Amino acid sequence: MGIQRRFSTSGGVPKGHCAVYVGESQKKRFIIPVSYLNRPSFQYLLAQAEEEFGFDHPMGGHTIHCKEDMFVDFIYRLR
């Protein structure tokens, strides 16, 4: 099972997880463990997204404007 399949789902969000939307133009939904939000590197990523784009999230989750493959690599390193 590839990393995409493990982190990307449709439907509801399991307990202990949250949805983030990632992409530069077309956004893809990723389900990540809430514990990642406590990691300094993830907090830095969210702070950069807030500074550059604000926290107006019409999709219902945090939006991170970066290349999808970069985010997948970032998440892989957090595990």
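On a 1 Å grid over the protein atoms alone, a pocket is an open set of points where a 1.4 Å probe fits, with protein on both sides within 12 Å along at least five of seven lines, and its lining residues have an atom within 4 Å of a point. What you're looking at is a predicted model, where local features need pLDDT of at least 70, side-chain atom pairs count only at pLDDT 80 or more, and totals for linings use all residues. Numbering runs from 1 along each chain as its sequence is written, and side-chain values use heavy atoms, leaving out hydrogens and water.

Let's start with the largest pocket. Its lining includes Leu45, Gln48, Ala49, Glu52 and Phe53, along with Ile64, His65, Cys66, Met70, Phe71 and Phe74. Helices H2 (40-53) and H3 (68-78) each put in at least two residues, and H2 gives the most, with five. (Helices here are DSSP runs of H or I, at least four residues, and strands are E runs of at least two, numbered from the N terminus.)

Now follow H2 itself. Which of its residues are buried, meaning under 20% relative accessible area with a 1.4 Å probe, protein chains only? They are Phe42, Leu46 and Ala49. These three sit on the same side of H2 because they cover an arc of only 60 degrees around the axis, taken from the directions from the axis to the C-beta atoms. An α-helix has 3.6 residues a turn, so residues three or four places apart point the same way. The buried residues pack against strand E2 (28-33), strand E3 (62-64) and H3, with contact meaning heavy atoms within 4.5 Å. Over on the other side of H2, Pro40, Tyr44, Glu51 and Glu52 are exposed, that is, over 50%.
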